[in-house]
Amino acid sequence: MLSVREVGIGYGAGSGRVRALDEVSLDFRPANLTLVMGPSGSGKTTLLSLLGCLLTPDRGEVSVMNAPIRGLSEEARGRIRRRHIGYIFQAFRLFHSLSAIENVTIALEICGQRGRKSRELAMHALEAVGLADRWRLKPGELSGGEKQRVAIARALVNDPPIILADEPTASLDSASGLQITQTLRRLADEDQRLVVVVSHDPRWLPFSDRTVTLQDGRVLDDSDAPSRDQERQQPPNMVETSSSAVLPPAVR
Ligand code: ADP
Ligand code: MG
């Protein structure tokens, strides 16, 4: 459904050129949460940007919904992004002058959808992340965990089959972090979405089906987590939260 084949990409030019990814091949499956780990600078964000069609590789092939994106115009790639991919950026990227619901409806406006229907869908997406009662508030009035949940609602509102999240629990306390991990886990389990999370936060390990480790732009390790169900029954030092993060039918 989503794959990279022997992709390579660098930044900069000449002798200052940095090779960010080299010969990376990976396939991602629906109803699966893949964790991409690796030290800072190992290429995690670059990989996610390639998967999200925000960047194009120098070499190799990226396919979204089993179709190669090579040679497509920027506009065509934008259409694929809006239809199939929900991207959760590092550090939220919310508009500070807009309320929570306006930060979500913006993703629909980009697709030409406005008005009452768009507010309804945005409200459902906020409900799905447990923020229905916070819809009027602006990012400055929300906690870090709530801001991240608005960012997730915005990624979900177009109902994309693919969700990509860059360091979604960075700088969140353990209760907020757990809500985010549970929310993204449900998107894979209950909605059968393909979820890729980039993080070096070990709290994700019990929630992942598979862990890909990058180092210096290459895949160092790629392993499935056969014992996930068993581990998730007893997550270490974590408090169970409500099930308010289940996406209502209207947004599916
Ligand atoms: P990670 O997310 O694992 O920290 P990145 O994908 O951001 O890694 O970066 C991989 C490598 O590419 C690093 O060496 C980084 O410094 C370099 N890099 C990333 N983005 C840029 C950029 N916009 N310009 C120049 N170098 C970059
Ligand atoms: Mg990064």
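**Reading a predicted model: buried residues, sheet and helices**

Tutor: Val62 sits in strand E4, residues 59-64. Keep in mind that this is a predicted model.

Student: Why does Val62 count as buried?

Tutor: Count the C-beta neighbours. Val62 has 20 of them inside 10 Å. The cut-off for buried is 20 or more. Val62 therefore counts as buried.

Student: Which residues is Val62 in contact with, leaving aside neighbours within four places in sequence?

Tutor: Val4, Val7, Leu50, Leu51, Pro57 and Ile69. A contact needs C-beta atoms within 7 Å. Ser3 is another residue to look at: Val62 and Ser3 are 59 residues apart in sequence, but 5.8 Å apart in space, C-alpha to C-alpha.

Student: What share of the contacts in the protein chain with a separation of 6 or more comes from residues 24 or more positions apart?

Tutor: Such pairs account for 71% of those contacts. As for burial, 43% of the 252 residues count as buried.

Student: What makes E3 mostly covered?

Tutor: Five of the six residues in E3 are buried.

Student: How do you know that E3 pairs with E8?

Tutor: Count bridges. A pair needs at least two. E3 and E8 have five, in the parallel sense.

Student: How many bridges join E3 to E9?

Tutor: Four bridges link strand E3 (residues 32-37) with strand E9 (residues 210-215), and the two run parallel. Val36 has Val212 as its bridge partner in E9.

Student: What is the order of the strands in the open sheet?

Tutor: The order is E6-E7-E8-E3-E9-E10, six strands with mixed pairing.

Student: Why is one side of E6 and of E10 left without a neighbour in the sheet?

Tutor: Strand E6 (85-88) and strand E10 (218-224) each have a single partner strand, so they stand at the edges. On average, neighbouring strands of this sheet are turned by 15 degrees against each other, direction ignored.

Student: What does helix H1 touch in the sheet?

Tutor: H1, residues 44-51, packs on the sheet and touches E3, E7 (162-166), E8 (194-198) and E9. The direction of H1 makes about 155 degrees with that of E8. Helix H5, residues 144-156, lies across E6 and E7. H5 runs at about 165 degrees to E6.

Student: What are the distance and the angle between the axes of H5 and H6?

Tutor: The axes of H5 and H6 (residues 174-189) come within 9 Å and cross at roughly 15 degrees. Angles under 35 degrees count as roughly parallel. H5 is therefore roughly parallel to H6. The crossing is right-handed.

Student: Which residues of H5 and H6 meet?

Tutor: From H5 come Gly144, Gly145, Gln148 and Ile152. From H6 come Ser176, Gln179, Ile180 and Thr183.

Student: Which residues have the most contacts inside the largest nonpolar core?

Tutor: Val104, Leu126, Ala153, Leu164 and Val197, in a core of 63 residues. Not counting residues up to four places away in sequence, Val197 touches Leu33, Leu35, Val36, Ala165, Pro168, Leu184 and Trp204.

How values were computed: Residues are numbered from 1 along each chain as its sequence is written. Chains are lettered from A and ligands numbered from 1 in the order in which they are written. This is a predicted model: local features need pLDDT of at least 70, side-chain atom pairs count only at pLDDT 80 or more; totals for chains, interfaces and linings use all residues. A nonpolar core is a set of buried Ala, Val, Leu, Ile, Met, Phe, Trp, Tyr and Cys residues joined through C-beta atoms within 7 Å. A residue is buried if 20 or more other C-beta atoms lie within 10 Å of its own, exposed if 12 or fewer, and partly exposed in between; C-beta atoms are placed from the backbone. Two residues are in contact if their C-beta atoms, placed from the backbone, lie within 7 Å. Axes are lines fitted to C-alpha atoms, for helices over the stretch in contact, and angles run from 0 to 180 degrees between N-to-C directions. Angles under 35 degrees count as roughly parallel, over 145 as roughly antiparallel, 65 to 115 as roughly perpendicular and the rest as oblique. A crossing is left-handed if the near helix is turned anticlockwise from the far one by less than a right angle, and right-handed if clockwise.
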